[in-house]
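Please read it alongside the sequence and coordinates.

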Amino acid sequence: MLVVAIVALMSFLGVLTETSMNTTFPALMKAFNVSLATVQWVTSGYLLAASLVMLTSAYMKRRFTNRQLFMSAAALFIIGDLLCATAQVFPQLLAGRLIQAGCVGLCTPLMVNIILDVVPRAKLGLYIGIANVIVLIAPALGPTFGGAVTAFASWRMIFWVTLPLALLLLILGSAHIHQYTTQSRLAFDWVRFGLLGGALIALNLGLTTISTRRWLIVAVLLLVCALCMLLFLLLSRTSTRFLFSLTVFKNQAFLFSFLPYLSLQFANVGINFLLPNYVQEVFGASALIGGLILLPCSVFNGLGQPVYGWMLDHFGGRLPLLLGDGLFTIGVLAMTALGPALGVLGVTIAYLIFAIGRSMAFSNSVAYGLKALPKTLQPDANALYNMGQQAVGGIGTTVLSLLMTAVHHPGWSHAQNIAAGSAWAFGLLVALGVVIFALYWHLLNRTTAQ
């Protein structure tokens, strides 16, 4: 478990810095004189870059050693840290964040792949849960950390504080990370990788451009996305180079765990962006309070992960998956129905219910799917799970931020307009909870995880 802990902590630092930036947007807009739509790329661009790196993880596992992958990830984080901490212009900050994305892109799949190599199938739920104790604390702890650092020092300290920790993990990883499988010299499929990357970039740009109401550009970008995906599928029929195996999509255990997994991540990253800004805009709370409202769930997520995994191993998927989705839906339903009447405390409690349910269902979606897959397809599935969560996270931030700012009633105050727009965002997540339930119902009644 020491090796898994080292890799997970490195991934934790990457996710921590990413989610810390959500509460720094007002400070970054002022420091670099840029708009919200521009500064949002600090998060959405990071998630997009991480998803592209994760897309290669099935190839990386077969081609490079665990130590090589970890050392590369740590180096990328350190270089990005230095660029961000010393940034004098926004492009330098963005470049640093895109470089740091490589850390999470390499470390998160690496952590799961090491577990798959050494842990018996019957205990996968528990061990994936233990690993996620570290990684899943970061999304909730990040805004609290970022808000506190910004309030009492400067957003630059987010990067200076994490730098020595990254250096320490680099040293530990070089000494303790070992290899459990043999490597093969495979030819990487750059063409299909480029097409998938182009599709993801075009989709993100298209969704971001919606806020400007330049509909022709939106239509062109979405058309480019569709064409890239079509070419990718056509080339996949004859390609002799390696990226990942598409046969994994023929397995219902993967497909019907993958879709809820993406939906839960869409909701999680989106709401972690929305709520800190929501309480600041609607209730006039400080950036520190905006971060603190997410803190209680970090404790429950951290303590609950091994328990949620144990539930899957001992009771099967029905209990943790359906209960988790139920709590998820109840939490966002309360935010939709009651809105500003909840107050800061009520929003915190509703988010806590949402976060416990989301966390319970999220990690067990992966564990259930991986348990039901043959070992030869697990690295490919792991690559897609990880790539997908990063890609839809950026989309979640974009879509929920668009809905949050979509209402412009002339007779209302700014706070009232934000509250109304946020209600649409919360309502979308309620509908998503219902869809997730239907997907889980199909998964649980058509497949069996060993």
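Which residues lie nearest the centre of the largest pocket? They are Leu196, Leu200, Met229, Phe258 and Met387, among the 22 residues that line the largest pocket. The model is a predicted one, in which local features need pLDDT of at least 70 and side-chain atom pairs count only at pLDDT 80 or more, while totals for chains, interfaces and linings use all residues. Residues are numbered from 1 along each chain as its sequence is written, and side-chain values use heavy atoms, with hydrogens and water left out.

**Terms for the spaces**
- On a 1 Å grid over the protein atoms alone, a cavity is a set of points where a 1.4 Å probe fits but cannot get out, whereas a pocket is an open set with protein on both sides within 12 Å along at least five of seven lines; lining residues have an atom within 4 Å of a point.
- Grid points are joined across faces, edges and corners, and a volume is the space filled by probe spheres set on the points.
- Helices are DSSP runs (H or I, at least four residues), numbered from the N terminus.
- In the residue classes, Ala, Val, Leu, Ile, Met, Phe, Trp, Tyr, Cys and Pro count as nonpolar, Asp, Glu, Lys and Arg as charged, and the others, Gly among them, as polar.

**Largest pocket**
- The largest pocket holds about 400 Å³ of space, and its lining comprises 21 nonpolar, one polar and no charged residues.
- At least two lining residues come from each of helix H10 (190-209), helix H11 (215-236), helix H12 (252-283) and helix H17 (378-404), with H17 supplying the largest share, six residues.

**Second largest pocket**
- The volume of the second largest pocket is about 270 Å³, and of its 15 lining residues the closest to the centre are Leu36, Glu281, Thr405, His414 and Ile418.
- Its lining is made up of eight nonpolar, six polar and one charged residues.
- Helix H2 (25-32), H12 and helix H18 (414-446) each contribute at least two residues to this lining, and H12 gives the most, with four.

**Cavities**
- Three cavities of 30 Å³ or more are present in the structure, and the second largest cavity has a volume of about 80 Å³.
- Residues lining the second largest cavity include Ser57, Lys61, Asn66, Pro109 and Asn113, and by class the lining has five nonpolar, four polar and one charged residues.
- Helix H5 (57-63), helix H6 (66-85) and helix H7 (90-118) each provide at least two of the lining residues, with H7 giving the most, five.

**Nonpolar core**
- A nonpolar core is a set of buried Ala, Val, Leu, Ile, Met, Phe, Trp, Tyr and Cys residues joined through side-chain atoms within 4.5 Å.
- The largest such core has 146 residues, and Met10, Leu93 and Leu275 have the most contacts inside it; H12 gives the most to this core, with 16 residues.

**Individual residues**
- Asn386, in helix H17, has 3% relative accessibility and counts as buried, where buried means under 20% relative accessible area, exposed over 50%, and partly exposed in between (1.4 Å probe, protein chains only).
- Leaving out residues up to four places away in sequence, Asn386 touches Met54, Thr108 and Pro109, contact meaning heavy atoms within 4.5 Å.
- Leu126, found in helix H8 (residues 124-152), is partly exposed at a relative accessible area of 26%.
- Apart from neighbours within four places in sequence, Leu126 is in contact with Pro306, Gly309, Trp310 and Asp313.
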